[in-house]
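Subject: A structure for you to explore

Hi,

Here is the structure I promised to send you. Have a look at it first, then read on for what I found.

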Amino acid sequence: MDAFISALATLTNGWVMLAALGGVVWGIFGGALPGISPSIAMALLLPFTYGMDPTVALVMLASVYVGAEYGGSIPAILIRTPGTNSAAATTIDGFELARQGRAGEALGISLMSGLVGGLFGLLVLVIATEPLARVALAFTPPAYCALGILGLSVIASLSGRSLVKGLIAGILGLMIATVGTDPVSGVSRFTMGVPDLLSGIRPILIMVGLFAVAEMLEQISAPAWNKADRRDTRLKLPGLAVWRRLWKPQAIGCAIGTFEGVTPGAGGTIAAFMAYNEARRWSSKPEEFGKGSVEGIAAPEAANNVVTGTALVPLLSLGIPGSNSAAILLGGFLIHGLVPGPMLFVKAPDVVYGLYVGLFAANILMVLVGLVILTPCIWLVNRPKPWLIAFILALVMSGVYAIDNSVFDLGIVLTAGVVGYVMRRCGMPMLPMVLGVVLGFLVESNYRRSLVLSRGDHSIFIEDPVSLGLLLAAVALTGYSVWREYFKPQSKEAIA
Amino acid sequence: MTLSRDDLLGLGMIVLAAAYWAAADQIPVSLLSDAVGADGVPKVLAVALAICGALLLLTTRLKRQPAEAPSSDRDEKRAHLRAAGLLAGLVAYIFLLPVLGYPLAIALLIAAVAIYGGTRIRPSVAAVAVAGSALFWVFFVKILGIGMPTGIWAAGF
Amino acid sequence: MFKLFAAAVAVGLALSPTQSMAQAKYPVPTVTLATHSSPGGGSDVFLRELVKHVQPILGANLAVTNVTGGSGARAMAELAKSPANGSIFYATTPTYIQTTLLSKPAVGFDQLDPMVIVFFDPTIIYTRAESPHKTFADVVADAKKNVGKQKWGAANPASLERIAFEKLNKITGAKAAIVSHEGGGDLMINVLNGTLDIGVGEVQELRSQLEAKKVRMLAVLGDKRLPEFPDLPTAKEQGVDLVVSKFRGLAGPKGVPDDVAKAWEDAIKQALASPAYKAIYAKEALEPVGMGRAEARAFTAKFAEEVKASLTELGVIK
């Protein structure tokens, strides 16, 4: 309790509040810049935090995470270019709404859903760390493999009109994920002797290419953007009637986000896609999805912001980082001589509670910052198109270089851009490819680890209860999607 | 008969699958490896891709639906050329970046793309490009401390 | 908005202790220390701590830079083409030798010149607290009795620890399943939840679980016991000749002048002797060695030969 009272005092600590504000502002910007993912935004800031007080430093880093997970949705909605991996699902309905001239409304929904998700994730982190840590420990290699397969099963329903094309995109994504060092034997695969490929291709590079670069290649010859855009040039927060539609997708997002955040290795991207998928399944207006549904923004945006809280569960309670972003935060702890893990709550409770309070402040500040910057953002994308394309490409080429100081990465992004352009022309959906790239390594490495453990016996996937449950869920989801797509007569038009 | 776009895509995927299989076959076998092997999953993916490619060929044959009315071949071609031109500009940026250094290269990129996109050539274009470059440089190099290439003016920055 | 951000950064800088740049004996004002690990990773943390203690002694400004990618291949390539005037060094670990041997990049460890070796990192075999195995000897006895039943985990594929376990399999004939992971955290989960019988890692990776008494150390893979854990026997004492030696040092481009090498040797030795640094590295159970260039060269060459020999013996490389 003493620690809790001292934590409340943190609220009045100017440095902590300033750190939360600075972190959130940079997070939103970094997240919105194509190429700078949450973990990279945090890594870029990490060196600045070395000299700070530990609580101030950790609050700042965690605030970046909160801001960046939200910030990724801004370009996803405005220019169909997700700033982060986990905002990819938001492009579907977000950009559709923007095209209908409802960009301000879409941004308001994603901001509010981010707030709901972020606060829910924090609540879970504060009250349920102990039991949830046990969930994280229950995940053995077969369970992780099954979790990845469950994520991939969403491909079936993301494919829209052509299941085969969706599958092709997914397989191509999985193939991209096989480049690099083999997870079991350590030999290099498909690297063609290029050292830059040894540690694989970062999914964010593929994302930026598929969405941002391909979109610009397409826009350069398209007519000027629809004038309808201009109708709605101000941010519009959801009214009561809209909130009534939002609570269900947000609840779905919160539930899925909690689960995915707690299991190390999964993270916000699967959470966002699965939340989108489930929100559509349980919606009373599933036919609106893909055509500008407000629910289609609320679910993924709530889900990926829940993860900013729950991803800290395995880090704080076990000392095990569950995602790249958590790994950077772990670095932040270590640099200050703090070791996250079971003893952290005993040894440095003030830091832990200070972090909770800082996260709370960060979520509130995120909304305030959003209210200030979103209207100017809408103004920005309504600038003359040639300039917009020029600045987006300049941002992409700068942001991607910033990840690893690598010119080679720029080449990968352009290549992915060409692939994305061709895919658009062939009517191939891009989201399955994103899923493949993000999940490929998780599925393959854990599949093979499981078989090493069982000495080649596949029954390990059925004997492990967690794995069995997840696999059954994957089969059910796929079966339902295929049935709805091909056999359920009346909704044929609705979901196309 | 003429091949539709889906036919080409299906064929392309089968060729890609074959090439990927061949590359997977080249992966050296390590004694540290498992029963599945470093090439196991890739080979499964190659087969799956080939099957999907074949399915695509098959379904377009079966459906025989009127091909999506091509908007206009000439418009299409023009769009591809425009995209290729933009791509060439971006590739040029990659090669010029280490030579010219970041501030100059990014200013040229901004100006070139804006003009290519249809902005009229006026002095203000150069002004906006320089201002943009300065803003980017302050943000990435000064604030974030990214070691952007300095090019041949190494001493200056 | 940028102003706010800059203000926050400025606050951070203001809070940091100002480091003095003392006597200017060192030939260049600023030295870049490159690492292949990302911010917050093992070598990164090592360098940032080292900087704090060596900077005042050396009398030059030390800056850490992360050249990630390619498990060190990119950093090695970068170093080899840098000026050899003492203005840039690379934080070495066995990784750069492993990468050279396994992935054969254009620029390998032999194109760099070892400058100093600072620490040896002890490697430890551990298990979860509830495990029936109380000692490493128990594990080996059980493995010999139940051939093909045990499961062992190492942090990375083709790491030194992984190779050590392959050797252990050979020595004991246990035919245990050896599972490689994506880092120490991943491995720890599978040791804690009982999927694996034993894991292998560094003290730093174990510390939080050790403090919480969730894991038990079984053996140190070294020639002698660790001063921090005098009750923990070596593997050798328990009847298995298994040694993993890992090091942390610095290497530069070839042709660094002798006075620079001497300056570093002296600075490192002096820093290692300082009580402030000692308190930090003793907690991690790091063994201070402080080898100068001549020793470091000989050590690195011998080390690489040994790794090459065991990789060849296991059939991983030809």
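Between chain C and chain A there are 4 salt bridges. Please keep in mind that this is a predicted model. One of the salt bridges links A:K347 to C:E211, and their closest N and O atoms are 2.8 Å apart. There are also 16 residue pairs in polar contact between chain C and chain A, counting pairs with both residues at pLDDT 80 or more.

The size of an interface is often given as the accessible area lost when the parts come together. For chain C and chain A, about 4500 Å² is buried between them, and 67% of it lies on carbon and sulfur atoms.

Now turn to the sheet in chain C. Its 5 strands form an open sheet with mixed pairing, and you can follow them in the order β7-β6-β8-β5-β9. At the edges are β7 (177-180) and β9 (215-220) of chain C, each of which pairs on one side only. From one strand to the next, the twist averages 30°.

C:K151 has C:A177 as its bridge partner in β7(C). To get from β6(C) to β7(C), the chain passes through α6(C), making a right-handed β-α-β crossover. Further along, C:A154 is opposite C:S180 of β7(C).

Two helices of chain C pack on this sheet. Helix α5 (residues 136-145) touches β5 (123-128), β6, β8 (198-202) and β9 of chain C, and its direction makes about 85° with that of β9(C). Helix α6 (residues 160-172) touches β5, β6, β7 and β8 of chain C, and its direction makes about 155° with that of β6(C).

Finally, β6(C) also runs parallel to β8(C), with 2 bridges joining them. Look for C:W152, which stands opposite C:I198 in β8(C).

Enjoy exploring!

Terms used
Residues numbered from 1 in each chain as written. Chains lettered and ligands numbered in written order. Predicted model: local features only at pLDDT ≥ 70, side-chain atom pairs only at ≥ 80, totals over all residues. Heavy atoms only, no water. Pairing = 2+ DSSP bridges. Helix = DSSP H or I, 4+ residues; strand = E, 2+ residues; numbered from the N terminus. Axes fitted to C-alpha atoms, helices over the stretch in contact; angles between N-to-C directions. Contact = heavy atoms within 4.5 Å. Right-handed = clockwise from strand over helix to strand, strands pointing away. Buried area = accessible area lost by both parts, 1.4 Å probe. Salt bridge = Lys/Arg side-chain N within 4 Å of Asp/Glu carboxyl O. Polar contact = N/O pair within 3.5 Å; in protein donor to acceptor, adjacent residues only side chain to side chain.
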